[in-house]
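User: I'd like to learn how to read the sheet and the chain contacts in a model like this one. Could you walk me through it?

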Amino acid sequence: MNQEIKVRKTLDLKGLACPMPVVKISKGIKEVEVGEVIEAHTTDPGSLTDVPAWGRTTGHDIVDTRQDGEVIYFFIRRTS
Amino acid sequence: MALGSFTADDLFEWLTGQNDFLLLDVRNDVEFDRFKVEGPYPVDMVNVPYMEFIEMEDESVARVPQDKKVRIVCAKEGSSKYVGEILVNHGYTDVAHMKVGIKAWGNLLSPILLAKREGYQLYQFRRPGKASCSYGLVSGKEMMVFDPAKNFKFYLDFAKKNGCTITKTFETHRQADYISGSNMLRHSAAVEIVAPEDDFKEAKFPYTSARHGEIHRFGSDGPEVEIIHTPGHTPGSTCYLIDGKYLITGDTVFIQSIGRPDLGGMVEEWSQMLFQTMTDILLNLDPDTIILPGHYMEWDEADENLIFAATMGKIKEHNAEIYNIDDEKVFFDFIQANMRPQPEEYAKIREINAGLVEIDEEQQEIMDIGKNECAATMR
């Protein structure tokens with residue numbers, strides 16, 4: 001998707017197993033302003049469905065998900 | 001009180017023993033909808049995803065009744081521990097989480113003795129996570145396994161406990177819904193794989209072709225295993241008749257419904273084959289033949305001992321809307337009218353089961369999980 005997403009904060013969550021990626025993303029999103037985007041890198045395959053589920057629960061917007069080998073890149077915009 | 005833990009075997013024991021507990025599944029809603037724990041009796045189960053405990057702790061805790069034992073499952077153990085600790089902190093007194101996670105449930109095999117006769121014992125290995133059955137035939141110091149699941153270590157342990165070694169595995173067909181353990185058993189225990197050539201001709205591992213009418217036997221006085229070709233669910237589909245009484249049918253005959261002939265993308269041809277098999281072979285079986293299916297759809301197909309087995313006579317009666325069809329075209333229309341999409345991973349599983357692709361264990365777990373979709377009709 002758009003290369004011009006401006007990322008405010010990057011979380012390196014590689015190697016962490018659930019629930020830690022979601023715990024850290026939940027914390028990380030609160031550290032940026034509404035409208036800003038954070039980037040999270042995970043390696044837990046479970047995060048592929050867990051992070052979107054977390055997005056539905058909280059209303060934060062998963063603007064993009066990319067995969068490169070075993071690393072998953074999430075771009076998440078704080079909405080409220 | 002501290003958070004406890006339990007195994008998938010414990011869970012199966014509680015479910016079959018009608019123990020009173022709440023099963024709290026904390027996976028996300030998508031995973032939960034795709035695959036959930038089932039047992040022979042109604043399960044008191046609630047899905048509160050762990051991310052809701054992270055975001056709305058008090059509201060989520062309030063959804064868990066306080067007066068029951070709480071048993072928690074998640075994908076891989078971490079989240080169920082996390083939620084368990086929260087519940088313990090909130091004063092819940094009897095809370096435990098499942099070790100390993102849902103995949104342990106998905107891989108669980110539970111043995112039950114089907115028949116003990118002069119010279120042999122026949123076991124059914126129920127796999128509640130897949131709603132499938134594999135079988136073990138023990139005679140003297142040898143064991144033959146039919147349609148092993150990928151939890152091959154279970155079969156090795158089972159053989160060891162019974163003082164025997166696995167000599168052969170038999171494949172009823174090339175499975176699309178689960179990863180077969182035959183090739184794994186060949187690697188670790190040098191078993192001979194017997195499999196129908198029509199399904200396995202491109203296989204990358206050695207196997208003995210299962211030829212219609214041929215008989216396999218143990219030593220000198222063990223029971224006979226007769227090969228009967230029953231194409232339809234797949235072109236190679238084969239049944240194995242043990243001691244002239246017990247018919248291991250794979251995905252050809254089920255207690256409820258019949259094996260769907262549309263998984264290979266050639267529904268018209270395979271449906272014709274299945275109709276032929278039904279009229280030429282299945283309807284001519286001795287009605288007292290005991291059918292041992294590769295799958296069940298629901299637990300209510302099990303008998304009072306929680307065994308999945310029924311006579312061909314009963315099955316014909318129970319599925320009269322299928323077995324009474326005496327016209328190929330009408331049969332095809334019936335199959336078509338009940339067709340539904342197949343899970344997308346089936347194509348890949350089929351390749352894995354011929355040794356055409358190899359994937360790592362984690363991918364295997366993801367692909368192999370979930371209830372089968374092998375019957376022609378739904379309830």
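**Reading the strands of chain B**

Analyst: Let's start with one pair: B:Phe170 stands opposite B:Val194 in S11(B). This is a predicted model, where local features need pLDDT of at least 70, side-chain atom pairs count only at pLDDT 80 or more, and totals for chains, interfaces and linings use all residues. Residues are numbered from 1 along each chain as its sequence is written, while chains are lettered from A and ligands numbered from 1 in the order in which they are written.

User: Which strands does S10(B) pair with in the parallel sense, S9 (residues 142-146) or S11 (residues 192-195)?

Analyst: Strands (E, at least two residues) and helices (H or I, at least four) are DSSP runs numbered from the N terminus, and two strands pair if DSSP finds at least two bridges between them. Here S10 (residues 165-170) of chain B pairs parallel to S9(B) over 5 bridges, and 3 bridges join S10(B) to S11(B), also parallel.

User: What is the hand of the β-α-β crossover from S9(B) to S10(B)?

Analyst: Point the strands away from you: if the path from the first strand over the helix to the second runs clockwise, the crossover is right-handed. The chain goes from S9(B) through helix H7 (residues 152-161) to S10(B), and this crossover is right-handed. S10(B), helix H8 (residues 182-189) and S11(B) also make a right-handed unit.

User: Where do these strands sit in the sheet order?

Analyst: The open sheet has 7 strands in chain B, ordered S6-S7-S8-S9-S10-S11-S12, with mixed pairing. Its edges are S6 (110-117) and S12 (208-209), each pairing on one side only.

User: What does the radius of gyration say about chain B?

Analyst: It's taken over C-alpha atoms, and the globule rule is 2.2 Å times the number of residues to the power 0.38. A compact globule of 379 residues would have a value near 21 Å, so the 22 Å of chain B agrees. The C-alpha atoms of chain B fill a box of roughly 65 × 50 × 40 Å along the principal axes.

User: How many residues of chain A are in contact with chain B?

Analyst: Contact means C-beta atoms, placed from the backbone, within 7 Å. By that rule 14 residues of chain A touch 17 of chain B. Helices H1 (20-29) and H2 (47-58) of chain A each supply at least two residues of that side of chain A, and H2(A) gives the largest share, 6 residues.

Technical notes: Contact = placed C-beta atoms within 7 Å.
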